[in-house]
Amino acid sequence: MTTLVMFSGGLDSTAMLVKLLTETPDELRVHHVTMVNREGRAQAEQDAVESIVAWCKTRYRPFRYSESGLDFSGLATIPIDFLSIAYVACQVAIDTPGCARIAVGTLARDLDEVKRSVSKTQRRIFETMYEVYRARKAGEERVEWVYPVYQLSKAQVASLLPAELRALTWSCRRPVVTSAGYRICGTCKPCRFRREVAAALQISL
Ligand SMILES: [Zn+2]
């Protein structure tokens, strides 16, 4: 059986990847969606993803890695991530022989009532798209969504990762362009979470 891992390069999805690599015998296909939008986070995420994938392949075990892109740079609004991920996951699941599971790095603590129903909607959207493909006999009979880090707190997620790997992750949604490339904004929600967790655990993040 193969598990498709939807991978963003952030703390949560890196913790999910490490758990799947170390605690399961599953064959993994790790997939990153390069999301180009007005937030301008695509390059920072891409750099993080490449370093993390290389690190994990060397330190844990080999796995298949692929990526695809969605370019929304011409839009004034920020497109909805969960729709984009459901759409891409469907295409990649069909493209993965023996794919019976899709893993996403969602944390229960990040889900309020609205987002909880969003994650149900995400599965429903996927299922509808997948049915269309199944009618053409594409893909496996059934595909299940799994949430390997769902029950963990942010602090548990951060502690699960070796410091070296933790340092490679990227969370900021609105990186600031500098002459040397880019830096974190320090004010978006994920930046604030990282700072809180780092302070609580007395680690650098
Ligand atoms: Zn930020």
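Me: Helices here are DSSP runs of H or I with at least four residues, strands are runs of E with at least two, and both are numbered from the N terminus. By that naming, where is the place of Gln202?
Reply: This is a predicted model. Gln202 has a phi near 55 degrees, a positive value in a residue other than glycine. Helix α7 covers 189-201, and the place of Gln202 is in the segment after α7.

Me: Which loop holds Lys137?
Reply: Lys137 has a phi near 60 degrees, positive although the residue is not glycine. Most residues other than glycine have a negative phi. With 6 C-beta neighbours inside 10 Å, Lys137 is exposed. Its place is the loop between α4 and β5.

Me: How confident is the prediction, and what is the average pLDDT of the protein?
Reply: pLDDT runs from 0 to 100. In this protein, 100% of the residues score at least 70. The average pLDDT is 93.

Me: Which element has the lowest mean pLDDT?
Reply: At the top of the range is β1, with the highest mean, 98. The lowest mean is 85. That value belongs to helix α4 (residues 113-134).

Me: What radius of gyration does the protein have?
Reply: The C-alpha trace spans about 50 × 40 × 35 Å along its principal axes. For 205 residues, a compact globule would have a radius of gyration near 17 Å. The protein agrees with that, at 17 Å.

Me: What share of the contacts with a separation of 6 or more comes from residues 24 or more positions apart?
Reply: Of the 205 residues, 33% count as buried. Among contacts with a separation of 6 or more, residues 24 or more positions apart account for 76%.

Me: How is strand β1 joined to β2, and what is the hand of the crossover between them?
Reply: β1 (residues 2-6) runs parallel to β2, with five bridges joining them. Met6 stands opposite His31 in β2. The chain passes from β1 through helix α1 (residues 11-23) to β2, and this β-α-β crossover is right-handed.

Me: Which residue of β3 is the bridge partner of Thr34?
Reply: β2 pairs with β3 (residues 64-71) in the parallel sense, over eight bridges. The bridge partner of Thr34 is Gly69.

Me: Which helix does the chain pass through from β2 to β3?
Reply: Like any crossover, this one is a path from strand over helix to strand. The β-α-β crossover from β2 to β3 is right-handed, and the helix it passes through is α2.

Me: How many of the 10 residues of strand β2 are buried?
Reply: β2 spans residues 27-36 and is largely enclosed by the rest of the structure. The reason is its count of buried residues, which is seven.

Me: Which residue of β5 is the bridge partner of Ile102?
Reply: β4 is mostly covered, with four of its five residues buried. Four bridges join it in parallel to β1, where Leu4 has Ile102 as bridge partner. Three bridges join β4 to the parallel strand β5 (residues 144-146). There the partner of Ile102 is Trp145.

Me: How many residues make up the largest nonpolar core?
Reply: Those with the most contacts inside this core are Leu4, Val5, Met6 and Ala89. Leu4 touches, among others, Ala89, Val92 and Ile102. The core has 41 residues.

Me: How far apart in space are Gln46 and Glu67, C-alpha to C-alpha?
Reply: Gln46 is in helix α2 (residues 42-59). It has 18 other C-beta atoms within 10 Å, so it is partly exposed. Gln46 and Glu67 are 21 residues apart in sequence, and their distance in space is 9.7 Å.

Key
Residues are numbered from 1 along each chain as its sequence is written. This is a predicted model: local features need pLDDT of at least 70, side-chain atom pairs count only at pLDDT 80 or more; totals for chains, interfaces and linings use all residues. A residue is buried if 20 or more other C-beta atoms lie within 10 Å of its own, exposed if 12 or fewer, and partly exposed in between; C-beta atoms are placed from the backbone. Two strands pair if DSSP finds at least two bridges between them. A nonpolar core is a set of buried Ala, Val, Leu, Ile, Met, Phe, Trp, Tyr and Cys residues joined through C-beta atoms within 7 Å. Two residues are in contact if their C-beta atoms, placed from the backbone, lie within 7 Å. The radius of gyration is taken over C-alpha atoms; the globule rule is 2.2 Å times the number of residues to the power 0.38. Lists of a residue's contacts leave out its neighbours within four places in sequence.
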